[in-house]
Each structure stands twice: as structure tokens, then as C-alpha cells.
Amino acid sequence: MYSQGLIGAKTETTEDEAFLAAFQRRIDAEEKIEPNDPMPEGYRRTLIRQIGQHAHSEIVGMLPEGNWITRAPSLRRKAALLAKVQDEGGHGLYLYSAAETLGVSREQMTEELLAGKAKYSSIFNYPTLTWADIGAIGWLVDGAAIMNQIPLCRCSYGPYARAMIRVCKEESFHQRQGYEIMMTLANGTPEQKELAQDALNRWWWPSLMMFGPHDSDSQHGDQSMRWKIKRFTNDELRQQFVDSTVPQAEFIGLTLPDPELKWNEERGHYDFGPIDWDEFWRVVKGGGPMNKERLEARQKAWDEGAWVREAALAHAEKRKARREAAKMAAE
Ligand SMILES: [Fe+2]
Ligand SMILES: [Fe+2]
């Protein structure tokens with residue numbers, strides 16, 4: 001049924017005009033769409049693709065930071081990082097559940113991820129080379145995630161919108177713990193400050209890529225805006241992220257690696273240099289430094305969890321058989 005891959009799901013839809021117009025009226029009236037409501041097939045598929053990708057990003061996103069849990073520089077840092085990585089696992093679970101309300105199973109979504117058909121945020125295909133990367137990820141990657149996710153709290157699909165409310169509260173803690181790591185390093189020895197600057201240099205551009213292609217090149221943008229799945233375009237969100245991050249970098253005395261970054265009085269926004277979209281597409285298509293390792297880690301986890309899934313199924317079947325036997329005996 002999803003042979004082309006959820007990632008390639010088409011947003012066009014074949015329902016008749018009266019149905020689509022009635023659906024659009026509900027959207028325009030800011031009504032929430034719930035799992036059992038009639039909805040255009042394109043709406044359903046767009047959401048499955050987006051929520052599925054989002055869930056995969058949370059789960060794969062545990063890997064680069066999980067890499068540093070055993071090497072955190074203090075007990076306090078370790079406790080915060082452990083909690084953060086566990087939060088991301090929880091986000092993945094809410095999101096898989098939200099996608100399941102649209103008629104796709106977690107197994108299907110996982111199979112698509114492992115087969116390379118479903119995507120996850122490309123940012124997680126970069127390696128975490130030093131402890132400062134943990135600071136940079138929290139500050140920038142979770143910061144960018146917040147920009148994306150706050151408007152999703154008002155997404156027209158009820159289960160997704162509600163999941164996002166809690167997720168955003170936790171993301172805000174993630175952003176702060178990352179920024180605080182960067183602040184501590186930036187105020188430390190010259191070597192520590194250099195570590196922070198180096199991490200910022202490596203994570204800045206991939207963070208800007210997290211918002212996706214420019215609006216002029218984005219294939220799903222317009223319909224998602226009309227259906228109020230998205231509330232702001234990729235470029236609007238990216239600009240908002242740049243505008244709020246520049247003063248944060250200045251405050252801790254770090255320099256964003258973009259010589260063209262400059263306040264534009266007329267626009268009331270920061271101008272910034274061109275994004276390397278060749279790099280973006282290379283990483284999306286599997287050519288990033290860590291794509292292979294990330295999928296291998298997920299495959300290993302899936303294989304090693306097989307006995308848990310089998311045991312849970314066997315247990316459910318036993319309970320069912322016992323319930324049926326008890327019912328027979330009572331009759
Ligand atoms: Fe998250
Ligand atoms: Fe997060």
C-alpha cells in the first residue's frame with residue numbers, strides 16, 4: 001500500500017470538489033481534524049510522511065549525543081544529557097503513536113526507515129567530535145527544532161498538535177542545557193573557548209539546512225500551508241532562527257561562521273550568506289559522514305529487540321486464550 005515510500009507520498013488528492021471544499025472549510029474555521037474524521041487522502045499521506053520523518057528524527061537524533069553520555073565531563077552534565085536523550089526517545093514514541101492514528105503501523109514506518117525510503121533530519125548524519133558538540137547541538141539543533149515545532153502546536157491535525165505541546169516544553173530545556181554548555185566553554189580557558197567556536201563552525205550551516213529547501217524549491221510547502229499543517233514557510237522559520245541566534249552568539253562571545261551575516265535595517269532582519277544546497281542534498285541522499293553508521297545502529301537495535309516484540313506478542317496471545325477459556329467456562 002505504501003510501496004513508493006512514505007517519503008515520496010504525493011500530496012495531490014482525488015476526492016471530489018465538494019468533499020475537498022467542506023474539508024477546507026473546517027480547516028479555515030480552525031477546527032482540529034481527529035483520527036476518525038473524513039480527510040483527503042493527500043492530507044493523510046502528507047501527515048504520515050511528516051510525522052513519520054519527525055519520529056525517526058527523534059530516535060536517530062539520540063545517537064550522536066548518546067555517544068557522549070559515558071564521557072560527559074561531570075556528574076551534573078551526565079545527568080542532564082541522559083535526561084535529554086531519554087526525552088528524545090519519548091518524543092519518538094509520541095510521534096509514532098500519532099502517526100499510527102492515521103492508519104500506518106510503527107513496523108511499517110521502521111521498515112521504511114531501515115530500507116532508506118523514509119528520511120530523518122539530515123543534521124544527525126554529522127559526527128559529534130568533541131564535548132562542545134553536545135553544547136552546539138542543544139543550542140542550535142534543538143533551537144531550530146523549537147522554531148519548527150512551536151507552530152506545530154497549532155497544526156490542524158489534533159493528535160500531532162497535542163503531542164507537540166509537551167515536546168516543545170522539553171525542547172526548551174534541551175536548548176538551554178546546550179546553550180549553558182557553550183556559555184561555560186566560551187567563558188573558560190582559551191582552549192575551551194576554541195572548542196566551542198569549532199563546534200559552532202561545524203554545526204551552524206547544517207542547522208540552517210534543518211529548515212529545508214528554500215520556499216521556491218520546496219515541493220510540499222503550499223498545500224501544507226493551505227491545510228494548516230504548516231503555519232510558516234521554511235524561509236520564514238529559518239530567518240526567525242537566525243534573528244534569535246545572532247544575539248545569543250554575541251552574548252557569549254562566539255562568532256557565527258558567516259562573513260555575510262549583517263543586520264539589515266530596512267528588512268528588520270539579519271541577512272546571511274548562501275547555503276550550500278549541494279551539501280544538503282548529498283547528505284539527504286545518504287552521502288553524509290555518518291548516514292551509514294546511523295542506519296546500522298537502528299538496524300542493530302531493531303534486530304536486538306526482535307525477541308521483545310516476539311515475547312510481547314506471545315504474551316498477548318496467551319492472555320487472550322486464557323480470557324477466552326474463562327469465558328467458555330462461565331457460559
Ligand atoms: Fe525532541
Ligand atoms: Fe530535543
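Student: What spacing do the donors of the iron ion (ligand 1) follow along the chain?

Tutor: In this predicted model, the spacing of those donors is E-x29-E-x2-H-x79-E. The donors from the protein are Glu58 (OE), Glu88 (OE), His91 (ND1) and Glu171 (OE).

Student: What makes these atoms donors of the iron ion (ligand 1)?

Tutor: They lie 2.0 to 2.2 Å from the iron ion (ligand 1), and the cut-off for N, O and S atoms is 2.8 Å. They therefore count as donors.

Student: Why is the site of the iron ion (ligand 1) called irregular?

Tutor: The angles among its four donor atoms run from 85 to 147 degrees.

Student: Which residue coordinates both the iron ion (ligand 1) and the iron ion (ligand 2)?

Tutor: Glutamate 88 does, and the two ions are 3.4 Å apart. Histidine 91 in helix α4 (residues 75–100) and glutamate 171 in helix α7 (residues 158–186) are 80 residues apart, and this pair links distant parts of the chain.

Student: Why are histidine 91 and glutamate 171 called buried?

Tutor: Buried means under 20% relative accessible area. Histidine 91 has 0% and glutamate 171 has 2%, so both are buried.

Student: Where is the kink in α7 centred?

Tutor: The kink, of about 25 degrees, is centred on isoleucine 165. From first C-alpha to last, the 29 residues of α7 reach 42 Å, close to the 42 Å expected.

Note on methods. Residues numbered from 1 in each chain as written. Chains lettered and ligands numbered in written order. Predicted model: local features only at pLDDT ≥ 70, side-chain atom pairs only at ≥ 80, totals over all residues. Heavy atoms only, no water. Donors = N, O, S within 2.8 Å, 3.2 Å for Na, K, Ca; no water. Tetrahedral: all angles 85-135°; square planar, octahedral: opposite > 155°, others 65-115°. Helix = DSSP H or I, 4+ residues; strand = E, 2+ residues; numbered from the N terminus. Buried < 20%, exposed > 50% of the residue type's maximum accessible area, 1.4 Å probe, protein only. Expected span 1.5 Å × (residues − 1). Bend = angle between axes of the 7 residues up to and from the residue.
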